[in-house]
Amino acid sequence: MSLSSEEVLYRDTYCQPDLGFQREIEQAIGASFTRVAENLVDQGMVTLTKLFTPDAVSNMQREFGALMCLKEPDNHAHIQFGGAADEEFLQTAEALSSAVATPLVWALGAHAWGRDPMLSYVRAYRIEPIEPCAYRAFQPHDDGHDKEFKAMLLLTDVDEDGQCMLYWPGTHKIERETRSSWDTLYDPNQLRSLGEPVPCIGKAGTIILFNTKGVHSGQRNLSSRRDTLVFNVTGGKRLYPVPRLHRTVIDKMDPYLSAVLRIGSEKELLETDSHLPEPLSSEHRRQFFVARKSVVEAQAAAIDDGSFDLNIVLEKPSALLGTFPKITAPKPPSFELFAVNVGLSSSDKLELFSALPGCLRIDLNRGIDLPIRPYSGTRDRERDLALCEIRDKRMKDDRIARILQELDLHLEDGFPDFVHSYRERARELGELIARGIAQGVLNKDRELCQHAKLVQDLGFCVYNAQSLALLRTPLALMLGSADQLAELYGEEDSWIEAKEARRLRDTILTTYAFYVFSETFAEQFQVQDLGDLVSRGETMEDTPDFSEMP
């Protein structure tokens, strides 16, 4: 895989720690801290205990419980705040904000990365007991890129039989080519070569700090509720919008920690792939470590006293350093609901459509094979921000129902037209996005840029799908993204004129019609797969090329 000069800079410079920076931190704090820091670098994870008083943990749980009352659980009994969604939920939570500012976590991040760390991502989530199932983060995977830790603060007691995360120590050292989401998944044969995973367990108030490049997996089962606050630590790249912290916590911060936690610039996304993060003030850094030395060393000494087994050794660590073959990911099953008869009456159609939102909700939570650019700090982030906006905010059941009602009227024009016009309409969509890029408008409007990149990457998913069943999620998300683009930018002074905005939405409705009735089309037109469908008529040269993404 050829890399751009920006990606080479990311891999060969940004991802390599400054050894002098590490020695400076070791000398500033002490031997106990150094032992924990070296274990984190070697094994990829540590469990941090005895960080908070019982009263502090109780206050965190109270604040977290109040937060969870503000949302209903999704179909996986999962409630979430933050993440790629730009939500404010910590400004009234003093205890949780204080936990994010834990000095030991940021000292370990600074040492591991060999540069000033940065808060990049925060989310709070609750998972209730459900039947065991594997989806998204709840299956063995890595996050597809280097230079990132997650600090996972447990707010309920979690034991080995609970909904704990599993982590395979040392697997962050695996050298593996990653092109798309499915390359980050691990099948049972590969897992057997990695040894036994470590269950990430502990009492409420425990923080598990782990390298996201290592193999890990959440678990769902019928045991008990798990409440978690997660915040990510990078070396200054892959920054997402983060929530503002409680004012009392901010007022107590020194200048170094304030910069690390992005106080005053929580929503700014100014990084570029062509530049390394600017180092923070060396004097402020020195003052931070001098002031926190005794606290950080004491917390690290408690960990050395046996709160975590530091003697986990991989039997054959050298065996992990080869490149794994590309995984053939399991395909999501076809829903019988979609294999419908073209001759349905209008009343039957409405009954069918009324049942679709819940099924589509399940479908949107399935993994999709999006491109991954492991050595770019910005491209995938921009797409993910739009994906979260569509999937987790706009594509709610009531919105899907409204879209499907409009689709019901759209279908009256006749099914064969949809099949024969699909490829031409997809080409028009690609041209529309390309024109916006060529005019430079996408660089001036961040939200428009994000949605255009999402549509491009969903196009990659569509054109690389190995079966009709795999088209469903990306096409549904394209529908949502195009729907929002048409609403927000369908004005006469926009780069998308009103007529083109309607055509854009019509394109995705057409695509969605194909999505809903894919098995019927396959049977009626003897279509074996998407490649067969889109290759009919004109040559493939006119089809938008999603194989090489910018």
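Figure 1. Leu3 is partly exposed, with a relative accessible area of 23%. As in every view described here, the coordinates belong to a predicted model. Leu3 sits in the segment that comes before helix α1 (5–14). Leaving aside residues up to four places away in sequence, Leu3 touches Val8, Arg11 and Tyr375. Leu3 and Tyr375 are 372 residues apart along the chain, and 8.4 Å separates their C-alpha atoms. For the chain as a whole, 87% of the contacts between residues at least 6 apart in sequence join residues at least 24 apart.

**Figure 2. The open sheet of six strands.** The chain holds 19 helices and nine strands, and six strands form this sheet in the order β1-β7-β4-β9-β3-β2. The pairing is antiparallel. At the edges stand β1 (45–48) and β2, each of which pairs on one side only. From one strand to the next, the twist averages 20°.

Figure 3. Strand β2 covers residues 78–82 and strand β3 covers residues 118–127. The two strands run antiparallel and are joined by five bridges. Within this pairing, Ile79 stands opposite Arg126 in β3, and the bridge partner of Gln80 in β3 is Tyr125. In a regular strand the side chains alternate between the two faces of the sheet. Is β2 exposed, or enclosed by the rest of the structure? Four of the five residues of β2 are buried, so the strand is largely enclosed by the rest of the structure. In the chain overall, buried residues account for 57% of the 550 residues.

**Figure 4. Packing of helix α3 against helix α6.** Two packed helices are described by the angle between their axes and the distance between the axes. Helix α3 (residues 31–43) packs with helix α6 (residues 103–113) at an angle of about 60°, and the axes are 10 Å apart. That angle makes α3 oblique to α6. The crossing of the two helices is right-handed. On the α3 side, the contact is made by Phe33, Val36, Ala37, Leu40 and Val41. On the α6 side, Leu104, Ala107, Leu108, His111 and Ala112 take part. Taken by type, the residues of this contact comprise nine nonpolar, one polar and no charged.

**Figure 5. Helices α3 and α6 on the strands of the six-stranded sheet.** Helix α3 lies across β1, β4 (148–154) and β7 (207–211). Relative to β1, α3 runs at about 135°. Helix α6 lies across β1, β3, β4, β7 and β9 (226–234). Relative to β9, α6 runs at about 40°.

**Figure 6. The open sheet of three strands.** The order in this sheet is β6-β5-β8, and the pairing is antiparallel. Why is one side of β6 and of β8 left without a neighbour in the sheet? Strands β6 (198–200) and β8 (216–217) stand at the edges with a single partner strand each, so one side of each is left without a neighbour in the sheet. Strand β5 (residues 165–167) pairs with β6 in the antiparallel sense over three bridges. Leu166 stands opposite Pro199 in β6.

**Figure 7. Arg292 in helix α10.** Arg292 lies in helix α10, which spans residues 282–307. Its relative accessible area is 19%, and Arg292 counts as buried because the cut-off is under 20%. Residues up to four places away in sequence aside, Arg292 touches Pro103, Asp254 and Leu257.

Figure 8. Phi of Arg136 is near 40°, a positive value in a residue other than glycine. Arg136 is found in the loop between β3 and β4, where this residue is partly exposed, with a relative accessible area of 29%. Arg238 also has a positive phi, near 55°, and is likewise a residue other than glycine. Arg238 belongs to the loop between β9 and α8 (247–251). With a relative accessibility of 8%, Arg238 counts as buried.

Note on methods: Residues numbered from 1 in each chain as written. Predicted model: local features only at pLDDT ≥ 70, side-chain atom pairs only at ≥ 80, totals over all residues. Heavy atoms only, no water. Pairing = 2+ DSSP bridges. Axes fitted to C-alpha atoms, helices over the stretch in contact; angles between N-to-C directions. Parallel < 35°, antiparallel > 145°, perpendicular 65-115°, else oblique. Left-handed = near helix turned anticlockwise from the far one by under 90°. Contact = heavy atoms within 4.5 Å. Nonpolar A, V, L, I, M, F, W, Y, C, P; charged D, E, K, R; others polar. Buried < 20%, exposed > 50% of the residue type's maximum accessible area, 1.4 Å probe, protein only.
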